[in-house]
Amino acid sequence: MAPDGQAGASSSSSNAVTPEGLRGWIRGAYRFATDRNDFRRNLIVNLGLFAVGVWVARNLTDIDLMAPQPVP
């Protein structure tokens, strides 16, 4: 066992996984945006698009979505 309580191979791989500084953040954002098979990316993008659609429907139209519908 290594003195720090971790195996030697896992300690070197954990350093490679964490991005360092602005360059690492930009690299991570680019990989996140260009990975088309990532479930998390698709979920976040779809939730964001839904939120934008709701915001547009509530703020940029003259229709009150919560108003009761007129009775015929």
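In which helix is the place of N42? N42 lies in helix α3, as the legends below set out for a predicted model.

**View 1. Overall fold of the predicted chain.** The chain holds three helices and zero strands, in the order α-α-α from the N terminus; helices (H or I, at least four residues) and strands (E, at least two) are DSSP runs, numbered from the N terminus. Of the 72 residues, 4% are buried (under 20% relative accessible area; exposed is over 50%, partly exposed in between; 1.4 Å probe, protein chains only). Residues are numbered from 1 along each chain as its sequence is written. In this predicted model, local features need pLDDT of at least 70, side-chain atom pairs count only at pLDDT 80 or more, and totals for chains, interfaces and linings use all residues, while side-chain values use heavy atoms, without hydrogens and water.

**View 2. Confidence along the chain.** The mean pLDDT (the predictor's confidence in each residue, from 0 to 100) is 74, and 69% of residues reach 70 or more. Confidence is lowest in helix α1 (residues 8-17), with a mean of 49, and highest in α3, with 87. Residues 8-14 have pLDDT below 50 and, beyond near neighbours in sequence, one contact in the model (heavy atoms within 4.5 Å). Where pLDDT is low, the predicted coordinates should not be read in detail.

View 3. N42 counts as partly exposed because its relative accessibility is 32%. Its C-alpha atom is separated by 9.9 Å from that of F32, ten residues apart along the chain.

**View 4. V56 in helix α3.** V56 belongs to helix α3, which spans residues 39-59. With a relative accessibility of 34%, V56 is therefore classed as partly exposed.
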